[in-house]
Amino acid sequence: MNSLIYFNNCASTQDELIDFLNQHYLSEDFLAIYTFNQTKGRGQYGNSWENLPEENLAYSFALKTKNINVSDTCFNFYTAILVRDFIANLTKKEVKIKWPNDLILKNKKICGMLFEKNKNYFVVGIGINILQENFKNLPKAGSILSQTGLSFELKAFTESLHQYLFEHLVQKEIPNDVLELYHLHLYRKNEVSVFEKNEVRQNGIIQNVDENGYIWIDLENEGLQKFFHKEIKLLY
């Protein structure tokens, strides 16, 4: 079973879903809530996620951990792959994954994800910029509309995304080659890029991401090193 619940508005779909899990026994294999008017969205590692009313999607789903046959890291990566695939198939455009789980379309961030655990559930928040056109205060951000010129009806988009995730995360087993799939779409892999570490900039080349979630970068001044999130910044 799976359910999809709409909120006219809420502070955070992630917090609403976690509150629901804390108060109820969940019989569904897959439960999601969504809104087009989120007022206090949370991003990964304490970041905030801005969401203009009736232009973008805030969506969170809960999935029983016992139904997942891979590590937490691979589950996180595979979810990012699925959302990437969904948007790429819909727009017929190239969508990249910026480590660890942001989605990039024509060098602009259009999607961010938040992964948490609550009791026996994975709780995943997904924010997707769909119709927003003004990113005056967010120069690195974009939307599906701003980057492709394509406009999608928000409710239909959400229902299709929900069904796609349910089919691939619940009705099918996660494949064994998640890391290989992830590397196929890794943003700036094997390209000279500029990184910032401890407020110092230097060139480097992303080599790979490992099963523990670390990114390996060959830095021009320090050689090959691994980093966890927030330990190094890719400038784009």
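1. Buried means under 20% relative accessible area, exposed means over 50%, and partly exposed lies in between (1.4 Å probe, protein chains only). Asp102 is buried, with a relative accessible area of 14%. Its salt-bridge partner is Lys109, with the closest N and O atoms 3.5 Å apart. Lys109 is partly exposed at 22%.

2. This is a predicted model: local features need pLDDT of at least 70, side-chain atom pairs count only at pLDDT 80 or more, and totals for chains, interfaces and linings use all residues. Residues are numbered from 1 along each chain as its sequence is written, and side-chain values use heavy atoms, leaving out hydrogens and water.

3. The whole structure holds 8 salt bridges (a side-chain nitrogen of Lys or Arg within 4 Å of a carboxyl oxygen of Asp or Glu). One of them joins Lys117 to Asp72, closest N and O atoms 2.9 Å apart. Lys117 sits in strand β8 (residues 108–118) and Asp72 in helix α2, so the pair ties together parts 45 residues apart in sequence. Helices (H or I, at least four residues) and strands (E, at least two) are DSSP runs, numbered from the N terminus. Asp72 is partly exposed at 35%.

4. Glu159 and Lys155 also form a salt bridge, at 2.5 Å between the closest N and O atoms. Both lie in helix α4 (residues 154–171), 4 residues apart, about one turn of the helix.
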